[in-house]
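Try each task before you read its solution.

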Number of protein chains: 2
Amino acid sequence: MKYVDKLRNSGLRPTKQRLQICEVLFNTEKTYHFTINDLALKIKNQLNNKISLATVYNTVHAFEKKGYLKQIPINSNQTYFDTNISDHHHFYDLKEEKLIDLENSDVGPINILKKINGKKIKSVEVLVKLED
Amino acid sequence: MKYVDKLRNSGLRPTKQRLQICEVLFNTEKTYHFTINDLALKIKNQLNNKISLATVYNTVHAFEKKGYLKQIPINSNQTYFDTNISDHHHFYDLKEEKLIDLENSDVGPINILKKINGKKIKSVEVLVKLED
DNA sequence: ACACTTTTTTAGAATCATTATAAACTACCA
DNA sequence: TGGTAGTTTATAATGATTCTAAAAAAGTGT
């Protein structure tokens with residue numbers, strides 16, 4: 001999808017800064033995990049161009065809300081995001097403090113038997129912690 | 001287990017404050033979820049007695065490290081803990097911002113097929129997000 | 001009980017991710 | 001081209017967590 005459309009769908013106008021953020025986020029061979037700080041650094045290095053943190057936060061959150069990015073549920077002082085928005089899970093290597101993708105097929109079907117009245121399941125996320 | 005032993009096993013001496021924290025954490029009919037702030041308030045109300053935040057943080061972290069409390073992997077500005085240390089999972093009601101226990105038997109077996117060289121699985125945690 | 005050392009508690013300061021603000025800037029549309 | 005509404009930015013504010021250093025409590029040996 002064109003970056004312009006991703007932005008518009010997320011309720012954002014396609015400005016220069018936002019398009020640059022899109023470049024860094026989506027113009028990659030592989031998907032990746034990042035924190036806002038990681039991303040701001042990547043932008044600075046990759047584009048030789050500083051974008052204010054506020055703009056990075058805004059854009060990332062808009063994408064997350066729309067589903068073009070996923071937040072990874074993990075306890076850390078920083079919030080981790082994933083450019084891989086397919087249905088998948090994560091290993092978390094406690095020692096290295098690194099996330100590793102786990103494809104859905106690596107986990108097998110998960111069957112939530114309990115139902116909550118009037119609520120429906122939006123997502124099922126698995127975090128597998130690894131130690132040595 | 002006696003509070004004194006829980007504390008000693010966690011590398012802490014049984015002081016008055018720590019024993020009071022134990023009362024609030026473990027002397028309950030049901031298990032519960034809490035943030036540090038929740039706990040500090042509960043202590044103040046339940047024991048009519050203020051314990052400094054630093055002490056609460058220290059004690060909770062020591063228990064968490066030893067496994068007498070669990071951290072719940074969820075993205076929030078605050079860290080959530082659980083006094084239920086049995087193997088179980090959570091619903092997270094996005095609207096109410098509330099956690100609900102999911103017994104292991106409510107989820108069914110989870111089979112992690114992918115292996116990482118030299119690492120072993122420490123825990124498998126499932127977070128099921130709920131919407132209306 | 002006493003003197004002495006070590007650990008703990010505490011209030012407040014420091015840190016750091018995130019969010020809010022408000023002024024300067026830019027995109028969009030008539 | 002002008003005007004309005006949306007953006008960017010640096011900076012300030014917020015708020016959870018961690019750090020600090022001095023006072024208090026607990027442990028130890030006599």
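**Exercise 1.** Which helix supplies the largest share of the surface near DNA strand C?

*Solution.* First, some ground rules: this is a predicted model, where local features need pLDDT of at least 70, side-chain atom pairs count only at pLDDT 80 or more, and totals for chains, interfaces and linings use all residues. Residues are numbered from 1 along each chain as its sequence is written, chains are lettered from A and ligands numbered from 1 in the order written, and side-chain values use heavy atoms, with hydrogens and water left out.

Step 1: collect the residues near the strand (a heavy atom within 4 Å of it). You get 17, and the closest are A:Y57, A:H61, A:T79, B:T15 and B:Q17.

Step 2: sort by helix (a DSSP run of H or I, at least four residues, numbered from the N terminus). Helix 4 of chain A comes out on top with three residues.

Step 3: see which part of the DNA is touched.

**Exercise 2.** How far is a phosphate oxygen of DNA strand C from a side-chain N or O atom of A:T79, and how far from one of B:T55?

*Solution.* Look for polar contacts (pairs of N or O atoms within 3.5 Å).

Step 1: for the side chain of A:T79, the phosphate distance is 2.8 Å.

Step 2: for the side chain of B:T55, it's 3.4 Å.

Key: A polar contact is a pair of N or O atoms within 3.5 Å; within protein, one must be able to donate a hydrogen and the other to accept it, and residues adjacent in sequence count only if both atoms are side-chain atoms. Helices (H or I, at least four residues) and strands (E, at least two) are DSSP runs, numbered from the N terminus.
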